[in-house]
Amino acid sequence: MTVRLSFVPLTDAAPLIAARELGYFRRHGLDVELSRETSWASVRDKMQTGMVDGSLLLASMPLSLSLGITHGRIDIVTGLVLSLNGNGITVSRTLYKDMELTGLLADGSPAGAGQALKALIDHRRALGKPRLCFASVYLTSTHYYLLRYWMAAAGINADADVRFVVIPPPRMAESLDSGLIDGCCVGEPWNHRAVHEGAGHIVLAGYDVWNNAPEKVLAVRRDWLESNRSTYVDLTAALIEAAAWIDLAENRREVASMLAQQHYLNVPEDIVACSLTGQMLGETSTPARQIPDFHVFSRYTANFPWLSHAEWFLTQMIRWGHLAQGIDIRGAAAGVYLPDVYRQSAAALGIAAPTVNHKSEGTHSLTRMLDGVAHGPNLFIDNAPYDCERPHEYLVRQQEADRLTGRRERIGPVVHAMR
Amino acid sequence: MLRIILVDHVAERADFLRQALDQQGYQVVAVLSSSQEILDRVDILAPDVILTDMQSPDRDTIEDVRYLMQRRPCPVVMYAGKKDSESITRAIDAGVSAYVTDDISAEDVKSVLDLASARFRLFKAMSDELQAARQKLEERKQFDRAKSLLMKHHGLDESSVHRTLQQIAMNQRISLSEATNNVIAMLAVLPDKEPRRGGSKS
């Protein structure tokens, strides 16, 4: 049976591409056609009209599409996560120079970037300069929520002081170069593409904002899943196996070479290889920063659709006004992320799956073993934990902090004038 | 007269469409071909329809600008070449949007745009109605919840509940809906206890 899947050219499309190139789909009796799309809107259209049976989506999108945030509701579900991390926050060379002048970037720590940006924004506001402009790839993208989280954690009142826009990933480098945007959060290889072209400087990995955050999922329409259960199980079995292969460090170079091809990412292999081999490039004179978990495709229970992850996204959607306050977070998450469907795929492969659907996030800085399975580092940049039993309280606490940030920013200039 | 923004980076195709639209009496207020132009000009130009290529990488930018538009958002109508005819047929069947193929006649352009506008207006009206109905239902649910809490903890009867909530709303200069939510937030965290008998507190 022919299955059609769509993807947008990003490094974390690797599980789909590897499953095809290395014959995993074939081995499970599937003839899979991959369709490369130029926009998330186009991916969504093809899902909705049945032109494709499934697609690689941002981990937040099955939720936002099911809840009809920017478009009519589409009944999309996911039972398989295909990658963690994989993003970068890149700023223009001009902004980077200004951030350096604050003196707060010197130690190279992730926290320094937020402090530098905040100091710079405060300075620009005092001088009456226009707001900085930051881009993500979609209104309800994981990238947008990482950007907002990072800025709020740094004490920045982004609603007042930052303009947010959407730019397609392949245009990020030129947009930074032309000054259309000052910074962005985008998936690889587009951060390193910008560095290669001298258009930008990566100040942070998405990994730094939230270690091992879910990034891409395999999404299908619910009615397709229900009519094609056994095909779905075969499909996900192939992808789980491919993901395990590409996750190994010794295979990453080959993955880069596969992805670089014209009909996939169409980006030079050595640019694609940077993040895949766990490196984040800085200035040419400085050594690359090593981030072994820059891309995670399989380890740390990466493929399991944790309901706590879905619920976290929902809290952030409410936090930034994409969803109404009163929404049933638990109910909405459970309707879209399907852990039992994952368990069925895992059972078919004879591999273990977590026995619970929720875990608390942001609670440990080191890898640790739980029920015999390694869980990677899991901290948010502000060290705030997410208690999976209390999503509502978590949200209310953040909203209170956001309100205080907003008030402090407004009061600030008045106090200054009084001195 | 419908004001149209055309977003296309293929000059020949944009020219063809602009002429066809002009002929049919539409006002093409701009032809945009870059992210910069979309971000700077769409909201300000206040179009009635945005017309763009189904394969355009600018679709996500356009949608984001639409979502944030100060004025009411407008439909996005998409077109595609003949080789995408299967996409077009399916999209029309699914009611996603109206599509124009690039070998279409000027008259067909008009009927497609008229259809798109009419369909969009209908959809918007239905969507607004649904939103209002949901809102009302939610407020009704909240009211019932506040009512049962007030009866439980303060021994109020049905008619007193509405009066009490209105009084709170008036005193604090907030809406009835907000007063209802505040009462729920307060009373919902109280421990269960014997309901007060009427007369001990009014």
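**Chain contact, domains and cores**

Tutor: In this predicted model, the contact between the chains takes 19 residues from chain B and 23 residues from chain A; two residues are in contact if their C-beta atoms, placed from the backbone, lie within 7 Å. Local features need pLDDT of at least 70 and side-chain atom pairs count only at pLDDT 80 or more, while totals for chains, interfaces and linings use all residues. Residues are numbered from 1 along each chain as its sequence is written, and chains are lettered from A and ligands numbered from 1 in the order in which they are written.

Student: Now the domains: what does the assignment give for chain A?

Tutor: It gives domain 1 (2-84 + 214-349) and domain 2 (87-211), with bounds from an automatic or database domain assignment. Their C-alpha centres lie 24 Å apart. In the contact between them, 29 residues of domain 1 of chain A meet 20 residues of domain 2 of chain A.

Student: Which element leads on the domain 1 side that touches domain 2 of chain A?

Tutor: The largest share, four residues, comes from α15(A).

Student: And which residues have the most contacts inside the largest nonpolar core?

Tutor: They are Trp150(A) and Leu239(A), in a core of 164 residues. Such a core is a set of buried Ala, Val, Leu, Ile, Met, Phe, Trp, Tyr and Cys residues joined through C-beta atoms within 7 Å. Helix α13 (residues 229-247) of chain A gives the most to this core, with nine residues.

Student: Why does Gly406(A) count as partly exposed?

Tutor: Because Gly406(A) has 14 C-beta neighbours inside 10 Å; a residue is buried with 20 or more other C-beta atoms within 10 Å of its own, exposed with 12 or fewer, and partly exposed in between, with C-beta atoms placed from the backbone. Gly406(A) is found in helix α19 (residues 391-418) of chain A.

Methods. Helices (H or I, at least four residues) and strands (E, at least two) are DSSP runs, numbered from the N terminus.
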